[in-house]
Amino acid sequence: MEERNETYLSDWLANKITDEQLKQLVSADDFAAFQQIKNTLNDFEISNPDLEQNFSAIQQKLVDKKQAKTKVIPLWRYASIAASFLILFGIYHFFIAQNKIATDFGNTEIITLADNSKVSLNAKSILTYCNTFEYNRTLQLEGEAFFEVEKGSAFTVETSLGDIKVLGTKFNVIAFQDFFEVKCYEGKVQVTQKGKSTILTHGESVRFYNGISENWAELNSEKPSWISGESSFKNVPMRYVIEQFKNQYNVAVEYPNTIENIKFTGTFTHNEPTVALQTICLPLHLKFSKDSTGKIIISE
């Protein structure tokens, strides 16, 4: 009878028979036990594993096992098996789960990681890292962030444009579209881009843009200026400067293609868009206006 109960349980969990049909096929005690198993399964929400496929595999293993050797298994063992699978799925889900932090227009955020390292995330940026970060200090960045890394094992920042590896230091990373820049504020960092590595020490920077790499050094600051509410640029293409302006103020900007690669050196504030536009446009003798929709129009 218990071997038949195995088939009834499988069919019922697969929705091949209804509750009423099952009640007619098994005892009241067995139906109550079946219901407890089903309730246990329903209490869990696991997105990644394919439960239907896994349950089919369990069914097949049970069939193969019965063909190889006839053995009566108490009903309570099925509840234990189901619970074991759920625990395994939970562990799997924990180890692959990702923490994703995204900032909006004009917003910044400070994240303290499990190893007590700190990440200051600039506007319109995304930071992603695994639940096991404390044991494998690797994370992913889209946008801009300033890192204050606690000493310990290797700490790696992965971006679509290159990777940065350190042991304990302070550095700023920009990985935006095709613009990749790293500046070291303390200690030493290794920047790898397209298989080639560059070592930066205190005050040194490297930039990769439009197939060109640039290096320079300056020892006049301890943190990037954007943390204090002001974006600063040194010989940066206007296209990127305007994109940073858009990230801070959440406005559409139209400008001629002829100015996108003009180099800009200067700053703009994060709290007054008109003043920011003036500091961007006036040094390059550019004009700006606003249309009826609020779009900023920059012209030569």
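This is a predicted model: local features need pLDDT of at least 70, side-chain atom pairs count only at pLDDT 80 or more; totals for chains, interfaces and linings use all residues.
The protein comes out with seven helices and 18 strands. Of its 300 residues, 39% count as buried. As for how the chain folds back on itself, take the contacts with a separation of 6 or more: residues 24 or more positions apart account for 46% of them.

In soluble globular proteins, nonpolar side chains tend to be buried together. Here the largest nonpolar core has 28 residues, and Phe147 and Ile164 are the ones with the most contacts inside it. Strand 5 (residues 138-148) supplies the largest share of this core, at four residues. Back in the largest core, Ile164 is worth a look for its list of partners. Once neighbours within four places in sequence are set aside, isoleucine 164 is in contact with Phe155, Thr156, Val157, Thr159, Phe171, Val173, Phe180, Val182, Val189, Gln190 and Val191.

Helix 6 gets its own paragraph. With 12 residues, it reaches 16 Å from its first C-alpha to its last, which is close to the 16 Å expected at 1.5 Å a residue. The helix is mostly covered, with 11 of its 12 residues buried. Those buried residues take in Met238, Arg239, Tyr240, Val241, Ile242 and Glu243, and then Gln244, Phe245, Asn247, Gln248 and Tyr249.

How does helix 6 pack? Two packed helices are described by the angle between their axes and the distance between the axes. For helix 6 (residues 238-249) and helix 7 (residues 273-281), the axes come within 11 Å and cross at roughly 175 degrees. Angles over 145 degrees count as roughly antiparallel, so helix 6 is roughly antiparallel to helix 7. On the helix 6 side, the contact is made by Met238, Val241, Phe245 and Tyr249, while helix 7 brings Pro273, Ala276, Leu277 and Ile280. Sorted by class, that contact has eight nonpolar residues, no polar ones and no charged ones.

Glutamate 243 has its place in helix 6 and, at 14% relative accessibility, counts as buried, because the cut-off is under 20%. Not counting residues up to four places away in sequence, glutamate 243 touches Phe176 and Gln177. Glutamine 244, also found in helix 6, is at 6% relative accessibility and so counts as buried too. Leaving out neighbours within four places in sequence, the contacts of glutamine 244 are Asn122, Glu144, Phe233 and Phe268.

Helix 6 is followed by asparagine 250, a residue with a positive phi of about 55 degrees although it is not a glycine. Asparagine 250 is in the loop between helix 6 and strand 15 (253-254), and its relative accessible area of 48% makes it partly exposed. Lysine 124 is another case: not a glycine, yet with a positive phi of about 50 degrees. The loop that holds lysine 124 runs between strand 3 (118-121) and strand 4 (126-130). At 35% relative accessibility, lysine 124 counts as partly exposed.

Glycine 106 lies between strand 1 (98-102) and strand 2 (109-112) and is partly exposed, with a relative accessible area of 34%. Setting aside residues up to four places away in sequence, glycine 106 touches Ala123, Asn247 and Gln248; Asn247 and Gln248 are among the buried residues of helix 6. Glycine 106 is also 165 residues from asparagine 271 in sequence, with 9.0 Å between them in space, C-alpha to C-alpha.

Glycine 187 is in the loop between strand 9 (179-186) and strand 10 (188-193). With a relative accessible area of 38%, glycine 187 is partly exposed. Beyond its neighbours within four places in sequence, glycine 187 is in contact with Thr169, Leu200, Thr201 and His202.

Technical notes: Residues are numbered from 1 along each chain as its sequence is written. Side-chain values use heavy atoms; hydrogens and water are left out. Axes are lines fitted to C-alpha atoms, for helices over the stretch in contact, and angles run from 0 to 180 degrees between N-to-C directions. Helices (H or I, at least four residues) and strands (E, at least two) are DSSP runs, numbered from the N terminus. Angles under 35 degrees count as roughly parallel, over 145 as roughly antiparallel, 65 to 115 as roughly perpendicular and the rest as oblique. Contact means heavy atoms within 4.5 Å. Ala, Val, Leu, Ile, Met, Phe, Trp, Tyr, Cys and Pro count as nonpolar, Asp, Glu, Lys and Arg as charged, and the others, Gly among them, as polar. The expected span of a helix is 1.5 Å times one less than its number of residues. Buried means under 20% relative accessible area, exposed over 50%, partly exposed in between (1.4 Å probe, protein chains only). A nonpolar core is a set of buried Ala, Val, Leu, Ile, Met, Phe, Trp, Tyr and Cys residues joined through side-chain atoms within 4.5 Å.
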